Amino acid sequence: MERGRRGRGRGRGRARWVPVDHVMDRESEVEQHDEEAPPVDQVATAINRMTDILERMAGPQGQGQGQAPPVGQEGGGDRALERFQRFGPPKFLGGSDPEAAEMWLERITDIFSALDYTEDRQISFATFQFEGPARAWWNMVRTKWEVEVIPRTWQRFVREFNAKYLPPIVQEKREEAFSKCRQGLQSVAEYETQFTKLARYAPELVATEQRRIRKFIQGLNVELQEGLATARIETFGEAIEMAQRLESAKALVRNFQAKRKGGPSGSREFGKSSAPPPKYGRG
């Protein structure tokens, strides 16, 4: 019995008596392992943050390299101004020379005819070319428009420009020339160029698309007016195209008729007149 008790006591003593240094070393190893290996949630959160940072850094570069700006938006105001400057628009200083003002306005109008810009943008870019007295004058006009809440239209801008830099007598002559503008011996293309150039001095006569079309057709030759009388025309460009097609068709008809006149019937008449005179007897 004593031996059994001693044995159990010894067994329990052996299980209890573990070296203290060994226990401390194991506890330190466990704590160090826990510090070196963070929880799984923290690792996933860190990975997600790094992924977001990399996507943000690569986003603008990928868009700038592989994607183009949407069609029709011109890439913003800076891109539109850059396209306008490529045409070499002239500067305008003002002054009392009506020919210089006419040449400047004509050049600016030709540039905008090639650029599909809004009227507000046309005014902004046109006045961007003003310098000196012209810039001071435009600042006054712009302030007046803003105070009176006047809509910014190209027609109104041209009217203000002409009233400032074209003397009344010059403008009256231009308006009269536009009212008398006719095709005459010109081609449709030449007539359209003159019509568009003089229309700037009488914007009231071509205020709407239909009035512009009607005035253009009234200046065509009578044979072209008859051909366009029953046509349904919606835009000024359609009027020009249809007039040119009709002009080409009538030219072909005239050439065909001219060739027929110089054909076999004409040669028979020529042979009849070139025959030798009849011979008469002695009496």
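User: A pocket here is an open set of points on a 1 Å grid over the protein atoms alone, where a 1.4 Å probe fits, with protein on both sides within 12 Å along at least five of seven lines. How much space lies in the largest pocket?

Analyst: Happy to start there! This is a predicted model, in which local features need pLDDT of at least 70 and side-chain atom pairs 80 or more, while totals for chains, interfaces and linings use all residues. Residues are numbered from 1 along each chain, and side-chain values use heavy atoms, without hydrogens or water. Taking volume as the space filled by probe spheres set on the joined grid points, the largest pocket holds about 810 Å³.

User: Which helix gives the most to the lining of the largest pocket?

Analyst: The lining (residues with an atom within 4 Å of a point) has 23 residues, with Thr109, Glu119, Gln122, Trp154 and Arg212 nearest the centre of the pocket. Helices H5 (98-114), H6 (119-127), H8 (154-165), H10 (188-199) and H11 each supply at least two residues; helices are DSSP runs of H or I with at least four residues. The biggest share, four residues, comes from H5.

User: How many residues of the lining of the largest pocket are nonpolar, polar and charged?

Analyst: Asp, Glu, Lys and Arg count as charged, Ala, Val, Leu, Ile, Met, Phe, Trp, Tyr, Cys and Pro as nonpolar, and the others as polar. On that basis the lining of the largest pocket splits into ten nonpolar, seven polar and six charged residues.

User: Is H11 roughly parallel or roughly antiparallel to H13?

Analyst: H11 (residues 209-218) and H13 (residues 236-261) have axes, lines fitted to C-alpha atoms, that lie 9 Å apart at an angle of about 20°. Because angles under 35 degrees count as roughly parallel, H11 and H13 are roughly parallel.

User: Which residues of H13 do those of H11 meet?

Analyst: Contact means heavy atoms within 4.5 Å. From H11 come Glu209, Arg212, Ile213 and Phe216, and the class count for both helices is six nonpolar, no polar and two charged residues. Arg212 is also one of the residues nearest the centre of the largest pocket. In H13 the partners are Phe236, Ala239, Ile240 and Ala243.

User: At roughly what angle do H7 and H8 cross?

Analyst: Their contact brings Pro133, Ala134, Trp137, Trp138, Val141 and Trp145 in H7 to Arg156, Phe157, Glu160, Phe161, Lys164 and Tyr165 in H8. By class that contact has nine nonpolar, no polar and three charged residues. The axes of H7 (residues 133-148) and H8 come within 12 Å, and the crossing is at roughly 130°.

User: Which residues of H10 meet H9?

Analyst: The axes of H9 (residues 168-179) and H10 come within 9 Å and cross at roughly 145°. Arg174, Ala177 and Phe178 are the H9 side of the contact, which has five nonpolar, no polar and one charged residues by class. On the H10 side are Phe195, Leu198 and Ala199.

Notes. Axes are lines fitted to C-alpha atoms, for helices over the stretch in contact, and angles run from 0 to 180 degrees between N-to-C directions. Angles under 35 degrees count as roughly parallel, over 145 as roughly antiparallel, 65 to 115 as roughly perpendicular and the rest as oblique.
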